[in-house]
Amino acid sequence: MQQLSNDQLLSVAEKFGTPTYVYHAEQINSRYQQLTNAFAQSDVKIFYACKALTNINILKYFKSIGSNIDCSSINEAKLALHAGFEPQQVLYTSNGIAFSEIEEAKNLGIHINIDSISGLEKFGKAFGHSYPVGIRLRPNIMAGGNLKISTGHDKSKFGIPIEQMDEILQLIKQYDLHIKILHIHTGSEIDDVEVFVKGIEVLFEIIPLFQELEVIDLGGGFKVKYAEGDKVTDIELLASKVKSAFDNHPNPNGKPLQIWFEPGKFLVSECGYLITQVNVVKPTPDILFVQINSGFNHLIRPMFYDAYHRIENISNPSGEIKTYTITGNICETDTFATDRDLTEIKESDYLAIFNAGAYGFEMSSNFNSRYKPAEVLIENNDARLIRRRDEWQDLLRGQIDIA
Ligand code: LLP
């Protein structure tokens, strides 16, 4: 997969200023093609989990390459429709939402996965058999890179616990619910293909209970490379395991089942780079700090998940190696990297932070009343601004000055 070169990143910094998120369309496409090629032998549909990155141009790009889209709020669903997706290309996997939002999703005509008994009951009362719907189940499988991003285990708030199957079946009977999707999503950064196989096995036990089932939705969570030597999800192996599992378990209801996936990180993590500039190089007795013009207000993953992000000094790529601790400029501990070996850094150098496409800009904030970064999309070697950097008025937008 072709990454952006040092020179391309530098020229974005010089043209658009910093901090700036840069996304590379061809990298997104190459990931999408890898998935569709790997699963070509099965009836698989890919729904990009847009919670990872929702810039409207990114959504439109996914539409242009043939992807479907998975949403985690009604506003994401509306953004998807705004970007040009057809309702049948939009999936809303909800969690803990008000029933009014489920009704709204139904009125938009999109696919919905409901994740509570109470939501299912309200849906049944309101719509009976008239609107096919999905159920998000909790399979009680521990998976994912860390507890914060692990969603399918037996203490997780997500999904209806599989032990409550009797209640689900009772509601289906009582309200003649039309269940067409069974969904599980066990976590993010799942490097072990067997976790998906385990999930499929849990579902195979209950599939015969769902007479009108059309889809098994296995969620997202594929692990990508953040650090050198990282284990990643072997997509080709996963595809062959999924195929043989489904080949060996034809749907007892007769209808062939379609398989859906909802990857976020896999599609956009590596396509994104956060370019920052060094404000201060600060030697202290113990630690050589570098403070950049960013912080966890722009990229929260290192502080929130202890996530590793590769960093490079793109202004001096072949300088002497020194050991630095990279922090930001906000009034709180905002460490990006501790004791990291990097080529020699001077004030005003540009540092690129890698794997910044997924849950980067999307989780940014205006903490410390700092501006959110700009976003740039590079496609066919053409770099275009797709979000201007915040400006003064953005900080006051929405506030009501009652003085
Ligand atoms: N489907 C559902 C229902 C999800 O909840 C998620 C992610 C995905 C798909 C996509 O997962 P992915 O393929 O991106 O791993 N902010 C965290 C990740 C949280 C993921 C939340 N749900 C991080 O930066 O690591």
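Helices here are DSSP runs of H or I with at least four residues, strands are runs of E with at least two, and both are numbered from the N terminus. With that in hand, take Phe210, which sits in the loop between helix 8 (193-206) and strand 9 (215-217).

Some ground rules before going on. This is a predicted model, in which local features need pLDDT of at least 70 and side-chain atom pairs count only at pLDDT 80 or more, while totals for chains, interfaces and linings use all residues. Residues are numbered from 1 along each chain as its sequence is written, and side-chain values use heavy atoms, with hydrogens and water left out.

Back to Phe210. Is Phe210 buried or exposed? Buried, at 3% relative accessibility. The scale is this: buried is under 20% relative accessible area, exposed is over 50%, and partly exposed is in between, with a 1.4 Å probe and protein chains only. What does Phe210 touch, once neighbours within four places in sequence are set aside? Its contacts are Ile135, Met165, Ile168, Leu169, Ile172, Ile179, Leu182 and Asn253. Contact means heavy atoms within 4.5 Å. For contrast, take Arg397: 187 residues from Phe210 in sequence, and 49 Å from it in space, C-alpha to C-alpha.

Strand 6 covers residues 133-138, and six of its six residues are buried, so it is largely enclosed by the rest of the structure. In a regular strand, side chains alternate between the two faces of the sheet. Here Val133, Ile135 and Leu137 point one way, Gly134, Arg136 and Arg138 the other, and all are buried.

Now the partners of strand 6. Two strands pair if DSSP finds at least two bridges between them. Strand 5 (residues 111-114) runs parallel to strand 6, with two bridges. Ile114 stands opposite Ile135 there. Between these two strands the chain passes through helix 6 (residues 117-127), and this β-α-β crossover is right-handed. Right-handed means that, with the strands pointing away from the viewer, the path from the first strand over the helix to the second runs clockwise. Strand 8 (residues 179-183) is also parallel to strand 6, joined by four bridges. Its His183 is the bridge partner of Arg136. Strand 7 (residues 160-161) is parallel to strand 6 too, with two bridges. There, Leu137 stands opposite Ile160.

Next, strand 1, residues 20-24. Five of its five residues are buried, so strand 1 is largely enclosed by the rest of the structure. Thr20, Val22 and His24 are on one side, Tyr21 and Tyr23 on the other. How does strand 1 run against strand 17 (residues 374-379), parallel or antiparallel? Parallel, with five bridges. Thr20 has Ala374 as its bridge partner in strand 17. Strand 11 (residues 272-283) runs antiparallel to strand 1, and four bridges join them. Tyr23 stands opposite Gly272 in strand 11.

On to charges. How many salt bridges does the structure hold? The count is 17. A salt bridge here is a side-chain nitrogen of Lys or Arg within 4 Å of a carboxyl oxygen of Asp or Glu.

Take Arg31 and Glu270, paired at 2.9 Å, N to O. Arg31 lies in helix 2 (residues 25-38) and Glu270 in the loop between helix 10 (265-268) and strand 11, so the pair ties together parts 239 residues apart in sequence. Arg31 is buried at 15% relative accessibility. Glu270 is buried as well, at 13%.

Then Lys51 and Asp70, at 3.6 Å, N to O. Lys51 is in the loop between strand 2 (44-49) and helix 3 (56-64), and Asp70 is in strand 3 (residues 68-71), so this pair ties together parts 19 residues apart in sequence. Lys51 is partly exposed at 28%, whereas Asp70 is buried at 1%.

Lys243 and Asp247 pair within helix 9 (residues 235-248), four residues apart, about one helical turn. Their closest N and O atoms are 2.7 Å apart. Lys243 is partly exposed at 28%, and Asp247 is partly exposed at 48%. Elsewhere, salt bridges that share partners join Arg388, Glu391, Asp394 and Arg397 into one network.

Last stop: Trp392. Trp392 lies in helix 12 (residues 392-396) and is exposed, at 53% relative accessible area.
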